[in-house]
Amino acid sequence: IFFRQRYYKMKMNMPVDAETHAAFQQQAEQQQAKQEQQAEQEEKRKSMLLSVLSPEARERLGRISTVKPEKARQVENMIIQAVSRGQVRPPVDEEQLISLLEQISGGSATSSGPSITIKRKVADDDDW
């Protein structure tokens, strides 16, 4: 183990030539540009949702995103698409949000989730 650690330390301290340095720098710049672009898209998305949703719907969507972020993301996508197509007029209220949630769930919100069946032992004892 000692020799392996020593080898990796030596490998990390090796001088880097100009081509490798330039490649690393270019890769870092591309990654940074990609992150900035994603942050900009996310900011546009948030501002659009802020302008489209009513305060109650925004609050409900915030609670949903705390529990199920992937479901909240689906609903956000549906809202953005529906508003851009003109299918839904802003502001999207809580009732419209609930109907979108039911569409994603594939039914009513009350029927979602696993069903639990409890089977109790049948007393065959005649003493009781």
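Gln-103 lies in helix H5, where helices (DSSP runs of H or I, at least four residues) and strands (runs of E, at least two) are numbered from the N terminus. Gln-103 is exposed, with a relative accessible area of 54%; exposed denotes over 50% relative accessible area, buried under 20%, and partly exposed the range in between, for a 1.4 Å probe and protein chains only. The C-alpha atoms of Gln-103 and Val-75 are separated by 9.4 Å, although these residues are 28 residues apart along the chain.

The model is predicted, and local features need pLDDT of at least 70, side-chain atom pairs count only at pLDDT 80 or more, and totals for chains, interfaces and linings use all residues. Residues are numbered from 1 along each chain as its sequence is written, and side-chain values use heavy atoms, with hydrogens and water left out.

Read from the N terminus, the order of its elements is α-α-α-α-α. Of its 128 residues, 15% count as buried. Among contacts (heavy atoms within 4.5 Å) between residues at least 6 apart in sequence, 69% join residues at least 24 apart.

Helix H2 comprises residues 18–52. Its 35 residues reach 51 Å from the first C-alpha to the last, close to the 51 Å expected at 1.5 Å a residue; the expected span is 1.5 Å times one less than the number of residues. Within H2, Arg-45, Leu-49 and Val-52 are buried, and H4 is included in what covers the buried residues of H2.

The packing of H2 with H4 has an angle of about 70°, and the axes are 11 Å apart. Axes are lines fitted to C-alpha atoms, for helices over the stretch in contact, and angles run from 0 to 180 degrees between N-to-C directions. H2 and H4 are therefore roughly perpendicular to each other, given that angles of 65 to 115 degrees count as roughly perpendicular, under 35 as roughly parallel, over 145 as roughly antiparallel and the rest as oblique. On the H2 side, the contact is made by Glu-42, Arg-45, Lys-46, Met-48, Leu-49 and Val-52, and on the H4 side by Arg-73, Glu-76, Asn-77, Ile-79, Ile-80 and Val-83. These contact residues divide into six nonpolar, one polar and five charged. In this classification, Ala, Val, Leu, Ile, Met, Phe, Trp, Tyr, Cys and Pro are nonpolar, Asp, Glu, Lys and Arg are charged, and the others, Gly among them, are polar.

The loop between H2 and H3 contains Ser-54. Ser-54 is buried, with a relative accessible area of 9%. Not counting residues up to four places away in sequence, Ser-54 touches Pro-91, Val-92, Asp-93 and Glu-94.

Helix H3 (residues 55–67) has 13 residues, which should span 18 Å at 1.5 Å a residue; the end C-alpha atoms are 19 Å apart, in agreement with this expectation. Ala-57, Leu-61 and Ile-64 are the buried residues of H3. They cover an arc of only 60° around the axis, which puts them on the same side of H3; the arc is that of the directions from the helix axis to the C-beta atoms. Pro-55, Glu-59 and Thr-66 are exposed on the other side of H3. The buried residues of H3 pack against helix H4 (69–85) and helix H5 (94–105).

H3 and H4 pack at an angle of about 140°, their axes being 5 Å apart. This angle makes H3 oblique to H4. In this contact, Leu-61, Ile-64, Ser-65 and Val-67 of H3 meet Pro-69, Ala-72, Val-75 and Glu-76 of H4. By class, the contact has six nonpolar, one polar and one charged residues.

For H4, the 17 residues should span 24 Å at 1.5 Å a residue, and the end C-alpha atoms are 24 Å apart, which agrees. The buried residues of H4 are Ala-72, Val-75, Glu-76, Ile-79, Ile-80, Ala-82 and Val-83. They cover an arc of only 165° around the axis, which puts them on the same side of H4. The face turned away from this buried side carries the exposed residues Glu-70, Ser-84 and Arg-85. H2, H3 and H5 are included in what covers the buried residues of H4. After H4 comes Gly-86, whose phi is positive, near 85°.
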